[in-house]
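Colleague: Before I use the words in this description, I would like to know what stands behind them. Please take me through the labels one at a time.

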Amino acid sequence: MRERILNLLYQRKKEYISGEELSQKVGISRTAIWKHIQALKREGYKINSQKRSGYSLISISDLLLPYEIERDLKTKILGKKIYHFKEIGSTNDLAIELAQKGIEEGTIVIAETQTKGKGRLGREWSSPLGGLWLSIILRPEILPTQAPRMTVIAALGVAKTIRKLYFLKALIKWPNDVLIRSPITDHRSPFKKVCGILTEMGAEQDTVNYVVIGIGVNLNIDIKKFPVEFRKNTTSLEKELGRKIDRVEFTKRMLKEIENFYLLFKKRGFAPILKEWKKISATLGKGVKAVSGRRIIEGKAIDIDSDGALIIETKEGKQEKILAGDVTLL
Ligand code: BTN
């Protein structure tokens, strides 16, 4: 109902539509229309009301509301069902619950802010207002050991979105942090993390039941809102571009880009994904220090193999393979 009112206002944005016309078209009373308008205003829509002329939509809400994301969404699978919350513990936790109950592939969970955002390796993930905190449920036919491939698909989708929408050179630091730097700073300024991805799955022996890809992107965020220890290596799109960005546009585009890579994977396997990943890797060819469990390996990152593992050549000329862990660029 609310969506229909919104669509009517949207079609004639900045013009006035009378309460009478809305009430006839939607089939509810003028008082009911008024109530929906008030609710839309509370959601952040700017709507002018004039006694004689009716209602006029001035600007849409900045919240990541399902009806904004769904409008002209170009995907076939991702975002066909959207759950949105002003606040949640962790979008991944709810997505896991929904996935266990059998919800369809492509369902997404979005929150404006998370109180218990989860990062990789058991870390906390700071999730203030203005970011994109979203989880995608997928049901790919893969082996449980291949789940990291889904993370790569998501990282590529995020990096492509940033490249296409803002012409920034987004890179992927192994395994799946997306990094950017300002287009106006000099070449020596470091690339910083703008997005992190946490993939969790439900599996039995050789079968994956579901994969939940949790994506956190720092969109319109003042870096000072992050804990001090993260500020050195973390940035936001707002900071690097020097302006606010359209979060709804970003989300829609990102879902489309991720879906493109996912469909490519389904059709042609991991090889073309790996090729794309290597092209925009921030890690390959660089001196790195990798921490994987108790192992600490220093050397040059020379390759990513077909399992997604990082191959490091040490000073002694030995090749070491890292499947999971953290990498620092030296
Ligand atoms: C990392 O440590 O780099 C991964 C961070 C992943 C954060 C996202 S935000 C949406 C989703 N919900 C969570 O609790 N975590 C992921």
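**What the labels rest on**

Modeller: Helix α5 (residues 91-100) is largely enclosed by the rest of the structure, because 7 of its 10 residues are buried. This is a predicted model, in which local features need pLDDT of at least 70 and side-chain atom pairs count only at pLDDT 80 or more, while totals for chains, interfaces and linings use all residues. Residues are numbered from 1 along each chain as its sequence is written, and side-chain values use heavy atoms, with hydrogens and water left out.

Colleague: What makes a residue buried, and which residues of α5 are buried?

Modeller: Buried means under 20% relative accessible area, exposed means over 50%, and partly exposed lies in between (1.4 Å probe, protein chains only). In α5, T91, N92, L94, A95, I96, L98 and A99 are buried.

Colleague: What do the buried residues of α5 pack against?

Modeller: They pack against strands β3 (82-88), β4 (108-114), β5 (132-138), β8 (192-204) and β9 (207-217). Contact here means heavy atoms within 4.5 Å. Helices (H or I, at least four residues) and strands (E, at least two) are DSSP runs, numbered from the N terminus.

Colleague: How do you know that S90 caps the N-terminal end of α5?

Modeller: A side-chain oxygen of S90 lies 3.1 Å from the backbone nitrogen of N92. A polar contact is a pair of N or O atoms within 3.5 Å; within protein, one must be able to donate a hydrogen and the other to accept it, and residues adjacent in sequence count only if both atoms are side-chain atoms. After α5 comes G102, with a positive phi near 95°.

Colleague: Why is E112 called buried?

Modeller: E112 has 3% relative accessibility, so it counts as buried. It belongs to strand β4, and a polar atom of its side chain lies 2.8 Å from the backbone nitrogen of L64. Beyond four places in sequence, E112 touches residues including H84, W133 and R247.

Colleague: Why is R247 called buried as well?

Modeller: The relative accessible area of R247 is 1%, so R247 is buried. It is found in helix α9 (residues 247-268). The R247 side chain reaches two backbone oxygens: that of D62 at 2.6 Å and that of G131 at 2.9 Å. Among the contacts of R247 beyond four places in sequence are E112, L219 and N220.

Colleague: Is N218 buried or exposed?

Modeller: N218 counts as buried, because its relative accessibility is 2%. It sits in the loop between β9 and α7 (228-231). Its contacts beyond four places in sequence include W125, W133, K193 and F226.

Colleague: Why is D307 called partly exposed?

Modeller: Its relative accessible area is 44%, so D307 is partly exposed. D307 lies in the loop between β11 (295-304) and β12 (310-313). Leaving out residues up to four places away in sequence, it touches K321 and L323, and its side chain makes a polar contact of 3.5 Å with that of K321.

Colleague: What makes the phi values of D72 and L121 worth a remark?

Modeller: Most residues other than glycine have a negative phi, and most peptide bonds are trans. Phi of D72 is positive, near 55°, and phi of L121 is also positive, near 55°. D72 is in the loop between α4 (66-70) and β3, and with a relative accessible area of 57% it is exposed. L121 is in the loop between β4 and β5 and counts as exposed at 55% relative accessibility.

Colleague: How do you know that the peptide bond from W174 to P175 is cis?

Modeller: Omega of that bond is near 0°. P175 is in the loop between β6 (171-173) and β7 (177-180).

Colleague: Finally, what does the secondary structure of the chain come to, and why is the chain called as compact as a globular protein of its length?

Modeller: The chain has 10 helices and 14 strands. Its radius of gyration is 22 Å, close to the 20 Å that the globule rule gives for 330 residues, so the chain is as compact as a globular protein of that length. The radius is taken over C-alpha atoms, and the rule is 2.2 Å times the number of residues to the power 0.38. Of the 330 residues, 53% count as buried.
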